[in-house]
Amino acid sequence: MSQPMPSRRAVIAGGVTGGAALAASGFVSPAEAVEYNPSKPGRRVRLTVLGTTDLHGNVYNWDYFKNKEFDNSAHDDIGIAKVATLIEAMRAERKGEPILTLDAGDTIQGTPLAYYYARIKPITEGSVHPMAKAMNLVGYDAAALGNHEFNYGLDLLRTFEGQLDFPLLGANAVDPATGLPAFPPYLIKRYKVGRGRMLTVGVLGLTNPGIAIWDKANVEGKMEFPGLVQQARKYVPEMRRKGCDIVIVSAHSGADTSSSYGDALPFPENAASLVAANVPGIDAILVGHAHKEIDQRFVRNIHTGKQVLLCEPYYWGMRLAVMDFVVRESYTKQGRQKWELVGSGSQLLNSNTVDAHPAVAAAVQEQHDTVVDYVNSPVGTSKAALSAARAVVEDVPIIDFVNYVQADAVKAGITGAAASLPVLSIAAPFNRSASFPSGEVSVRDVAGLYIYDNTLLGVQVSGADVKAYLEWSARYFKQVTGTGPFTMAQVTNAVTPTAPNGTPDYNYDAIAGLDAPLTYDIDISQPVGSRIVGLAYDGKPVKDTDQFAMAVNNYRQSGGGGFPAVSTAPVVYNRQNEIRQLLIDWVTAHGTIDPAAFASVDWRLVSGGQPITVS
């Protein structure tokens, strides 16, 4: 008779541990193809690979922007402290068997906790990064570099690397002078598996070529990022020659081939499936970067016909990947012992079924408390409640605030001939749930509005460039007929060739003027490329030859999103100021956020010239 599954409450309360805790998290016995009896192994050995990815600075199940425990519609939990409990339980479950624990990148950016120890009290000045503390306690064997590892510059990344008890792998992060990897390309581990036998496992680390675009200011001339397939073709045979019986790739690159940067680079952003299909000798890939949940997927290698296992454990520590590999002892004609992979499979465990690991939680508690105090400290007041909830379908004051502060900083910092140019600014609705209350505004309110660690630049653009930029941005909208009413989902997040899952909110930019309004309609009854109508500055039609200075973030200026003109336009302002900090500093300096000082209706959605209604 089967036993009832323990409740989440019972597990969290500590009433259920070990195998029962694993069962609550969704763990099931491996599929028939990878069945293995540890009490009667015979000539078989099972390797377990435990994997995380895209932790993004999350140690606790905590939302710093809301100042409460994290929750979403699926009631997922987040944080490496939760995952650590599952890892410990899996190690107990597989005690005595070879186990490998890996991460697929993006660890040191994404939360105020990570930001604080990069910018406010940087680890380059002596503190230890909270993610280093947590990951060392978990006992990772290796981690691939993610693109966000480069956000704070190479000095901080190297400091973080030096604080880890395991290597950061990056076969395709290379020194431009030598062409050799600037980080270890792979790790080889050897396990004693009884009767004098050894199982040799190789882990190849691959990161994202988009780093060359997204963090151009930090890496240009210092590091280059060739394609994942190209570097895997180089290093997988080398790993096999060194005796690897199993080769696992930890890749910070999504499984479904696409590139947010279009054809700006010759190498695709999401290439894990391409690596599996085109590089012989790989047994599995721990996938990262795309923030997707792939419990098990097989890709056939076109050269060998073998099936390569892919698994992606979602993001922020919501899931733990458990990948099983069963090898069978065999012998060559010359009598040399070897291992043959006879079965593989994977599954994902849900971290919302367990409590945080006490040792991991305790190790970071003081830093967490420091950051909670920091993000809740008041910086000023707002004269009205402001919300980003409708920022994707109408011009709202909270986005105007971002554009105003950015444009004001660029205008104050421009020198030379460009100082006489009218200043524009671009901003995207990064977080629809962002809001400022009427009254006291805290650091976390502002940080919740601007959730990325972008820096500010100013570029010189023409009127034609502004029009082209807005047309590109308007690809975000689906083409509709009539004036509605429509729901937001009916008009936003359009599917495009470079965004097969829908254009993300962060790739919809609105443009505003500083000293005079830039006004325009977006006619979404028209096809892409013919949507911007009535573009005017200070009430006058914008001419193709008009010149402007435009405030942009480093992601856009480096080519992120594939927006035209800005990546090649002359840079007239670049002080490496982080935009989020500029917003915080502006509120601190001015004390009061008054929408009347910067809010205006610069753009609207129309159909055939008539405003549309979006509920």
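Predicted model: local features only at pLDDT ≥ 70, side-chain atom pairs only at ≥ 80, totals over all residues.

Reply: Happy to. Residues are numbered from 1 along each chain as its sequence is written, and side-chain values use heavy atoms, leaving out hydrogens and water.

Strand S8 (residues 198-206) and strand S9 (residues 246-251) run parallel and are joined by 6 bridges. Strands here are DSSP runs of E with at least two residues, helices are runs of H or I with at least four, and both are numbered from the N terminus. Two strands pair if DSSP finds at least two bridges between them.

Now step back to the whole sheet: 6 strands make an open sheet with mixed pairing, in the order S7-S8-S9-S10-S12-S11. Strand S7 (186-192) and strand S11 (293-300) each have a single partner strand, so one side of each has no neighbour in the sheet. From one strand to the next, the twist averages 20°.

Helix H9 (residues 228-241) lies across S7, S8 and S9, and runs at about 160° to S8. For such angles, axes are lines fitted to C-alpha atoms, for helices over the stretch in contact (heavy atoms within 4.5 Å), and the angles run from 0 to 180 degrees between N-to-C directions.
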